Amino acid sequence: MKSNGRQRKKKPRVKGDCLIPDRAPVEALRQSVLGASPLEEKEIIEYFEGQSQRDKAKVQHLELVKTETVWGRTHKVWDVHATDGRWWVITEPTNLYAQALFPSLDYTLSFHIGIMAQVMAREARQASVKNAELFTSAWRRWEQAAEAIDLAKEAEDFQAVGMKCRECLLAFAREAQKSITVPDKTQASKRADFIHWMELLADQVAGGSHLKEIRKHLKDGATGTWQLANWLTHTSNANRPNAEMVVAATKNLLEANVMAFVSFESKNPGRCPKCSSYQLESFFVPELERDPPYMLVCMACHWEEPAKT
């Protein structure tokens, strides 16, 4: 009803001696969030909207409300306001829950951790390292080797797992060759000379006296893993524990090399230039119009800057 051409204002709610303010609009909530990490928010928004493609729900507001570490995994709980309601989005592994069905944050986190325990076995067969998309061919072959163990029954089946691990290592070497600068007066190796190419990669991504032990670890790991995969391929007494060990060694080698490669490519200084924190992470952002396409972000003070070339 209008009076004198003006809308009647809604009276605020009163409970006892307390004045209960109306709910703040989403736009005001967005302006009140301090210290948010844009890249972390971007990942959560992309995940939520990717999961909501059928309903085409869009994120209006989100904020990090809780961080808790359980069994060595850090879980972050996000309160997401979307066009279809409010949701909890919990990470490691990431999943979403409607707050209409899960109103309690602590209960939802406990429920999520229970589900996480169930999917850990499946995760063990999947590439888990951050920025694994840099070497997709190698990781795809590793996942095929890991999945083959579940179907293997006889010695020749486990030998085939060794062959898949060999193919995975060669695929990684082929992809890494694109980024290796062969030193002057050094003869380039044959494409299938895995150990020599991995030595060249280690010299490049872990150069300098301060990375001597890292460089040695990468080289020794490459030699040992390659020999182990070859042994499994040719041993007539191959069994399940043998295959599990080779698959695990292959994954560890890939993860170590990917981490060293990302640190080298992103020119990560190791410490934040603003607050000196060691919580400095490199994000692979393909849409950056630069080579290499990395963004450095401090998870302590939220300083960020494109990596210097």
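**Sheet and helix packing**

Biologist: How many bridges join β7 to β8?
Modeller: Four bridges join β7 (residues 85-90) to β8, and the two run antiparallel. Strands are DSSP runs of E, at least two residues, and helices are runs of H or I, at least four, numbered from the N terminus. Two strands pair if DSSP finds at least two bridges between them. This is a predicted model: local features need pLDDT of at least 70, side-chain atom pairs count only at pLDDT 80 or more, and totals for chains, interfaces and linings use all residues. Residues are numbered from 1 along each chain as its sequence is written, and side-chain values use heavy atoms, without hydrogens and water.

Biologist: What is the bridge partner of Trp88 in β8?
Modeller: Tyr97.

Biologist: In what order do the four strands of the open sheet come?
Modeller: β5-β6-β7-β8, with antiparallel pairing. β5 (59-70) and β8 (95-98) are the edge strands, each pairing on one side only.

Biologist: Switching to helices. Which residues of α4 are buried?
Modeller: Ser137, Ala138, Trp139, Trp142, Ala145, Ala146, Ala148 and Ile149. Buried means under 20% relative accessible area, exposed over 50%, partly exposed in between (1.4 Å probe, protein chains only).

Biologist: What do they pack against?
Modeller: α5 (155-177) and α8 (240-265). Contact means heavy atoms within 4.5 Å.

Biologist: And where do α5 residues such as Phe158 and Leu169 make contact in α7?
Modeller: They belong to a set in α5 that meets α7 residues including Thr225, Trp226 and His234. By class, that α5 contact with α7 has nine nonpolar, six polar and one charged residues. Ala, Val, Leu, Ile, Met, Phe, Trp, Tyr, Cys and Pro count as nonpolar, Asp, Glu, Lys and Arg as charged, and the others, Gly among them, as polar.
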